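Please open the structure below in your viewer and keep the selection tool at hand. The tour moves from the whole chain to single residues, with a stop at each selection.

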Amino acid sequence: IGKEGRNIKTFERLAGVELLVDEVPQGIVISCFDAVRRAIAKNALELLIKDGRIQPAKIEECIDKAKKEIGVFMRKKGEEAVLACGLLSIPDALIPLIGRLYFRTSYGQNVLDHSVEMAHIAGMLASELGGNVQIAKAGALLHDIGKAVDQETQGSHPEIGHLILKKFNMDEDVAQAALTHHHDKPYNIYSSIAKAADAISASRVGARRDSYEQYVARLEDLEKTASGFAGIEKVYAIQAGRELRIFVKPEE
């Protein structure tokens, strides 16, 4: 802990996480919304404990080392995903962002695994529909790329993903697949393929933790919480509970 908690304060400031020391017996809880920062903090903490010399200079050294290790790990995961999908035209700068999705989950399903699975499904759908298999695969693999940086950038993950892909001069069909894979009216066949592949991968038995009953109960709880406020007329949970649409009584 250090004198007056200086070691913990130094670690929290440099790693951008919160350490909860007394939460669980014989354990330290790392708390942070950003899964990449959590992974860096975990690696750094393991290095510090192994070394035993816990003081500010050593903390900084271990966190720098952990950042480099996680950076290498993300690139490796990105390269593995691109190779698994047979997409060798993906810009090099996008590879670490793809690998970053390894640290994201959606209802317990790993987003990188989900994206790779989607790419294979999208390739099969495109070949049966007479479309371009490479474009369909790329659109599926990169459909959630916005989730890699959505905690650092304003906007929804489809919008962020679209901006990222435009920045790296990706094919417009690939960029539109990222932007419209949740839309009711997809941009074109590749957006429709991405949407269908997303639904197939997410609804596969065992892919996600939410059961139908839990899902409905969660939406009802969200609606109930919102309607508990004064002046609310109707509440609808939409976008799978990611968004609430609220009608108010204006006079109240």
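What follows is a list of selections, each with a description of what is there.

**Before starting**

This is a predicted model, in which local features need pLDDT of at least 70 and side-chain atom pairs count only at pLDDT 80 or more, while totals for chains, interfaces and linings use all residues. Residues are numbered from 1 along each chain as its sequence is written, and side-chain values use heavy atoms, with hydrogens and water left out.

**The whole chain**

The C-alpha trace spans about 65 × 60 × 35 Å along its principal axes. Of the 252 residues in the chain, 40% are buried, where buried means under 20% relative accessible area, exposed means over 50%, and partly exposed lies in between (1.4 Å probe, protein chains only). Among the contacts with a separation of 6 or more, 46% come from residues 24 or more positions apart, contact meaning heavy atoms within 4.5 Å.

**Helices α5 and α6**

Next, select helix α5 (residues 111-129) together with helix α6 (residues 133-141), whose axes come within 8 Å and cross at roughly 155°. That makes α5 roughly antiparallel to α6, since angles under 35 degrees count as roughly parallel, over 145 as roughly antiparallel, 65 to 115 as roughly perpendicular and the rest as oblique. The axes are lines fitted to C-alpha atoms, for helices over the stretch in contact, and the angles run from 0 to 180 degrees between N-to-C directions.

Showing side chains here, you will find that residues of α5, including Ser115, Val116, Met118 and Ala119, meet Val133, Ala136, Lys137, Ala140 and Leu141 in α6. By class, this contact of α5 with α6 has 9 nonpolar, 3 polar and 1 charged residues, with Ala, Val, Leu, Ile, Met, Phe, Trp, Tyr, Cys and Pro counted as nonpolar, Asp, Glu, Lys and Arg as charged, and the others, Gly among them, as polar.

**A cluster of rings**

Now select Phe73, Tyr102 and Phe103, which ring pairs link into a cluster. Rings of Phe, Tyr and Trp (its six-membered ring) pair if their centres lie within 6.5 Å, and planes under 30 degrees apart count as stacked, over 60 as edge-to-face and the rest as tilted. By this rule the count comes to 4 aromatic pairs. One of them is the tilted pair of Phe73 and Phe103, at 5.9 Å centre to centre and 55° between the planes. This pair links distant parts of the chain, 30 residues apart, with Phe73 in helix α3 (residues 56-85) and Phe103 in the loop between α4 (95-100) and β3 (105-106). The rings of Tyr102 and Phe103 have centres 5.4 Å apart and planes at 85°, so this pair is edge-to-face.

Which of these residues is buried? Phe103 is, with a relative accessible area of 17%, whereas Phe73 is partly exposed at 29% and Tyr102 is partly exposed at 31%.

Move to Ile90, in the loop between α3 and α4, which is buried with a relative accessible area of 9%. Leaving aside neighbours within four places in sequence, Ile90 is in contact with Val82, Ile95, Ile98, Leu142 and Met170.

Then select helix α8 (residues 172-180), which is mostly covered, with 7 of its 9 residues buried. The buried residues of α8 pack against α6, α7 (157-167) and α9 (189-203).

**Two loop residues**

Finish with Gln26, in the loop between β1 (18-20) and β2 (29-31), and Asn169, in the loop between α7 and α8. Gln26 has a positive phi of about 55° although it is not a glycine, and Asn169 likewise has a positive phi of about 55° without being a glycine. Gln26 counts as exposed at 87% relative accessibility, and Asn169 counts as exposed at 69%.

Key
Helix = DSSP H or I, 4+ residues; strand = E, 2+ residues; numbered from the N terminus.
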